[in-house]
Amino acid sequence: MVRRIKVKKLMAEPTLGKDVLVKGWVRTKRGNRNIVFIALNDGSTINNIQIVADAASFDESLLKDITTGASIGVTGRLVESQGGGQNIEISALHIEIYGKSDANTYPLQKKGHSMEFLRENAHLRFRTNTFGAVFRIRHAMAFAIHKYFNDIGFFYLHTPIITGSDAEGAGEMFHVTTLDLKTIPRGEDGAIDFREDFFGKETNLTVSGQLEGELGALALGEIYTFGPTFRAENSNTPRHLAEFWMIEPEMAFYDLNDNMDLAEDFVKYLIRYALENCKEDLEFLDRMVNPGLSGRLKFVVENEFVRITYTEAVDILSASGRKWEFPVGWGRDLQAEHERYLVEEHFLKPVIITDYPKEIKAFYMKQNDDGRTVRAMDVLFPGIGEIIGGSQREEVYDKLLARIRELKLPEKDLWWYLDTRRFGTAPHSGFGLGFERFILFVTGMANIRDVIPFPRTPKNAEF
Ligand code: ATP
Ligand code: MN
């Protein structure tokens, strides 16, 4: 008995002349009455292994059932390839069919399919070259994120997915309840009586793990979270999902400059990791999906990010002579068109914008002495816009409390958050990197629905 070997390993260390066993899915079959060529893919690599079968040695009906999409196991001798296009191939001795695939109804035919068609067939799209590459890269990036933080002494902290607080004060949350929607208990004033709900209070799916992350940082020093995040924002854009993954490092004793240095080093590390460890998949995406991809990745690694203040950004945008869809002016939030102008036309580099007006940023950001701005930072990437949002946090109890009251946030729900500023408060900072936005950049894919296995967007929760 030969043991199964994965194609990636087989190609890395070919044992020429030895018998091997491979298992996978048929990509294509071609040939004639005498000889059959099968391209087999087992998901371990973008490369197919070529199987060569001498038609006379196999049952005609067996060969007939080897169609695109079928799952098979092949035992055979590993030999140098006779034809071009590949170095090694397997000369088949025995073929077993695990699962047939009806050629007339299998959705993935050889010719290219539109991304929309593949989204509707998200259960099978993993079997295409493009999605195989994307999800192998997504895995590599998830691994590299843990490696990066582990190597510099950050602790992975699991913050809750069900929360009783609205971290951003932004609304747009999914409620979590076991109340019967047909007979909702109400108090005398008509308001829903959440005391009868599962947790005895109103709860939601988290929009960010930051507030809880801060609690960890103010004891463990440096932590990060990496988990699912939910936003019920009705944004039908190629950059928004209702369910996405976010990486949120939070560090005690970091000011905004330390925060920016970490963010820049972190994303450069990840991109370098992809360039070194995902070569074949990136080459495929560069060739077939987004020409110039590898060059753009190298460019980001090799260049320093530009750092400017919000006020400087507004000045640049105002002086650009552009006609904007959304007006530019001090105090207004920057829209995607503004961010992309700065990155793609003005600086031609990733840009970090700092010190935003406090009115357009969250309550917890550290207030500057000017009384108008906060120590916020957004990292903007070419083709994407905002990829990271972060800040130095307000560590002064009185200032934080005043801001909470000013914004009429539920002060009593935040008692535990405020406590950190009463007992051993410390300067600290953190940021959130949207995992899918980052994967968009690394893979050169155009739509965020195509870098998460099963996208959740308004009116869509299939699969
Ligand atoms: P945007 O203005 O683009 O909606 P945001 O300001 O709401 O982003 P933050 O609340 O700062 O974003 O979240 C931190 C990061 O999470 C963002 O920089 C982005 O990378 C990512 N992110 C935010 N919302 C979404 C979403 N709906 N889908 C995917 N990623 C998101
Ligand atoms: Mn948003």
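Start at ligand 1 and select H240. An N or O atom in the H240 side chain is 2.7 Å from an oxygen atom of ligand 1, a polar contact (a pair of N or O atoms within 3.5 Å). This is a predicted model: local features need pLDDT of at least 70, side-chain atom pairs count only at pLDDT 80 or more, and totals for chains, interfaces and linings use all residues. Residues are numbered from 1 along each chain as its sequence is written, chains are lettered from A and ligands numbered from 1 in the order written, and side-chain values use heavy atoms, with hydrogens and water left out.

Next, select L241. One of its backbone N or O atoms lies 2.9 Å from a nitrogen atom of ligand 1. Move to R437. Its side chain places an N or O atom 2.9 Å from an oxygen atom of ligand 1. Ligand 1 taken alone exposes 590 Å², and the protein buries 80% of that (areas by the Shrake-Rupley method with a 1.4 Å probe).

Show the shell around ligand 1. It holds 15 residues, with R231, E233, H240, E386 and I387 the closest (a residue is near if one of its heavy atoms lies within 4 Å). Color by class: six are nonpolar, four polar and five charged. Here Ala, Val, Leu, Ile, Met, Phe, Trp, Tyr, Cys and Pro count as nonpolar, Asp, Glu, Lys and Arg as charged, and the others, Gly among them, as polar.

Which elements give two or more residues to this shell? They are β11 (243-252), β15 (385-392) and β16 (428-434). Strands are DSSP runs of E, at least two residues, and helices are runs of H or I, at least four, numbered from the N terminus. β15 gives the largest share, four residues.

Go to helix α12, residues 415-422. Select Y417, L418, T420 and R421, its buried residues (under 20% relative accessible area; exposed means over 50%, partly exposed in between; 1.4 Å probe, protein chains only). Look down the axis: these buried residues fall within an arc of 145°, so they line one face of α12. The arc is that of the directions from the helix axis to the C-beta atoms. They pack against α5 (210-220), α11 (397-406) and β16 (contact means heavy atoms within 4.5 Å). After α12 comes G424, with a positive phi near 65°.

Last stop: K8, in helix α1 (residues 7-12). Is K8 buried or exposed? K8 counts as exposed, at 51% relative accessibility. Leaving out residues up to four places away in sequence, K8 touches S44 and T45.

Technical notes. Polar contact = N/O pair within 3.5 Å; in protein donor to acceptor, adjacent residues only side chain to side chain.
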